[in-house]
Amino acid sequence: MFKNYLKIAFRNLAKNKAFSAINIAGLAIGIGCFVLIALYVTDELSFDRFNEKGERTFRISTDIKFGGAETRYPFTSDMMGQIFKKDFPEVEDYTRIYTSNGSKLIKKDNGFINEEKVGHADSTFFNIFTLPAIAGDTKTALDAPNTVVITETAANKYFGTTDAIGEIVETNDNDKTLYKVTAVIKDIPSNAHFNFDFIFSMKNVNYGWGQIISHNFHTYLLLKPGTDVKAFEKRSLDQYVNKYVLPEANQVMGISSMEEFESSGNKLAYSLTPMLDIHLYSGRPFELRAGGNIQYVYIFSLVAVFILLIACINFMNLTTARSANRAKEVGIRKVLGTDKKDLITQFLSESTVMAIISTLLGIGMVLLALPLFNSVAGKSMQISNLFTPVFGLFLLALPFVVGLMAGSYPAFFLSSFKPILVLKGKLKMGGANSGLRSTLVVFQFVTSIVLIIGTIVIYRQLNYIQSKNPGYTKEQVLIINDAYTLGRNAETFKQEMLQQPGVVNGTLSGYLPTPSGRSDNLFSTTPQPDVKNGFSMQEWSVDHDYIHALGMELVSGRNFSKDHGTDSSAVILNETTAKSLGYDDPIGKSFYSMYNPETNEARKYTIIGVVKDFHFESMKRDIGKLGLFLRRSTGLASFRVDAANAPRVIQAAEQKWKAMSPQMPFNYRFLDADFNRVYDAEQRVGRIALSFAVLAILIACLGLFGLAAYIAEQRTKEIGIRKVLGASATSLVAMLSKDFLKLVLISSVIAFPLAWWSMRTWLQDFAYRIDIGWWVFVAAGVIVILIALITISFQAIKAALANPVVALRSE
């Protein structure tokens, strides 16, 4: 019997080639999109799940609000982990990661290479994270100072083999510190929330140890099995604050209780973030690796389901629309004694066969599109991901689920025909106004319109960010990394570069308005700080030329000057800080660095200028407090250059660099590229949304095309009579198109409020954002109407121009 079902299924596919092609193509594209997004979602949800102790591992996060400035850190003090291990029996172990150096220069052959995938960790690091060793013993690998664990990629890169135990790694740390390789591990999986090639011993970190209120370490706790996490979190964190934080805060700022601290609008809160949630739920700056967003996972999951539903709706619409062509077949089968359940099985078998063919084609599309999708989505998913046990079972089940979902209504609909009415030719078939079919078409276009509006809004917001004046000149600013390696030649390098044709200005600094490290410190308006006069502010070390080189604007006061010897104790504030201090005119006023009990003093700074606010964080956040301090800091050399001379300037810079520091690598970038990189996640979402919006419309139009073709075929005789009676081709096209266009208009009315709500919610993440103008909805509606009109008109015009004599003979 089943063999017979298959024969009939393939016979019908061959008999109705155009119908079958449209149905299979629509399903294949829908399934391909669904599988691609499923891969993306699965990858996002898989982060850190390779860790065997992942469910018991928690990262301590810190939220601080002080003096009006609010920060959300993934850091703690250096002491917090060891205190928790000592004071709380629920803590099985802890480890810390320190990355404040950002990168290291590592020697290879006769030169150094800048490596960014570096960090320092405690010897307990490998007890918490599951990172298998290829060589060496990770349990003891980082016990001693001057030791390093490297990945197999790093081992092959520097030593040509993974058998690198005992090899020496030379860095630029502290006059070229030498580290001994004590273990080689497999490459850290791409779905980890950190990515290191070199893990150095924590004992080599040059740090002022023992500071309770200084936060610079990623601290992880491994809790014992069975621990009540919520109860432990509240009890342990409160106890830590009262026992350790308050005494030091009292000594430095005179804070006697958290109630006093909070009564002034301040906040200090620690929390335990499950390691398995860091990638999708943290959203904090300064994570070890750029994270994802659970909202995007939800959004793309819905998009995947809706696209698959659109493809299934196409199948249902086209199958039920062509039901008249099989009505007599159903009637004869029923007269000959075929049960309704056998008919249902027959039609479900046909839909499943089509779903299997579509799934195979869809997987083929995925294999072809995966490299491009990886590029668009910023992923590194492999084709092998399709054939893991879980995903393999998913792919095996998919065509049967899709076949059942897409074929169920047509199967029950076709099997319900009454044989007497069918054989007498009295069965009336629904046309374009069929209720269910109309509802399904509306659903398709609602989804498409929402995707179009979402894509337009995302791209408008990104364009707004890129075109908004950030408060500094980001175009044509050449940044040369690691200028500190030039040593005393850094200033000479800067002056010689300023003599080059095409160099407008230049500066040496430790910080730039795009992510390049941050320095958040405490200050007060009086020598002895308290909760009312204290405030938190970014403390940036710059030179005399910083403001001019980056095209910033002074709104009052003056710039740093070599003619003023006291400028080493001067500061230039941004507008936000100046306003928060409450002075009518801040110029000449003073404030103090945080009181140091060891030196029994607080350093005094005099305000000499106010710079116009500029964005130094993502535009998702309000501009924070910042002060520019005149200090020697040679981490970055930045030069504003003429666009026409940029290649020659880069070449000259490299030549001078090699002359002054031949062993050190010459690395450069441009400031505008750094600026755009801050919004990589949003740009990826925009590209993905655009891609799937186009595909959703394509699938919907395939169904609309097939449906229009069938409706035109059903009304062939009517069209012929109308033409004989004098109807014009234009009126016939309008007649055939208007019912479909009504459905598109209804779809727009439903889609507009849904799209407005969803995009308004998305925009709330940005402190600086666009307004969703009315024209966005009009544009989306017009786009869909034009696409639908073009799709329908092809069949409508073809039917309207047909010879009426042929049309009248067709029945």
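Visitor: Leaving aside its neighbours within four places in sequence, which residues is I453 in contact with?
Guide: This is a predicted model: local features need pLDDT of at least 70, side-chain atom pairs count only at pLDDT 80 or more, and totals for chains, interfaces and linings use all residues. Numbering starts from 1 along each chain as its sequence is written, and side-chain values use heavy atoms, without hydrogens or water. You will find I453 in helix α14 (residues 435-467); helices (H or I, at least four residues) and strands (E, at least two) are DSSP runs, numbered from the N terminus. Taking contact as heavy atoms within 4.5 Å, and leaving out neighbours within four places in sequence, I453 is in contact with F752, A755, V776, F777 and A780.

Visitor: Is I453 buried or exposed?
Guide: Relative accessible area settles this: under 20% is buried, over 50% exposed, and in between partly exposed (1.4 Å probe, protein chains only). For I453 that area is 0%. I453 is therefore buried.

Visitor: What distance separates the C-alpha atoms of I453 and A780?
Guide: Along the chain, I453 and A780 are 327 residues apart. A780 is also among the residues in contact with I453. The C-alpha atoms of I453 and A780 are separated by 6.0 Å.

Visitor: What is the relative accessible area of D680?
Guide: Follow the chain to helix α20 (residues 680-714), which holds D680. The C-alpha atom of D680 is separated by 9.5 Å from that of A290, 390 residues apart along the chain. D680 is partly exposed, because its relative accessible area is 31%.

Visitor: Which residue in β10 stands opposite V148?
Guide: V148 belongs to one side of strand β8, where V148 and I150 are buried. β8 (residues 147-151) runs parallel to strand β10 (residues 178-185), and five bridges join them; strands count as paired if DSSP finds at least two bridges. In β10, the residue opposite V148 is V181.

Visitor: How many residues of β8 are buried?
Guide: Side chains in a regular strand alternate between the two faces of the sheet. In β8, T147, V149 and T151 on one side and V148 and I150 on the other are all buried. The strand is largely enclosed by the rest of the structure, because the number of its residues that are buried is five of the five.

Visitor: Which residue in β11 stands opposite V149?
Guide: Strand β11 (residues 198-201) runs antiparallel to β8. Three bridges join β8 and β11. Across from V149, the residue in β11 is I199.

Visitor: Which elements do the buried residues of α15 pack against?
Guide: In helix α15 (residues 490-498), the buried residues include A490, F493, K494 and M497. Seen down the axis, the buried residues fall within an arc of 100° (taken from the directions from the helix axis to the C-beta atoms), so they line one face of α15. The elements that these buried residues pack against are β14 (477-480), β15, β23 and α18 (646-660).
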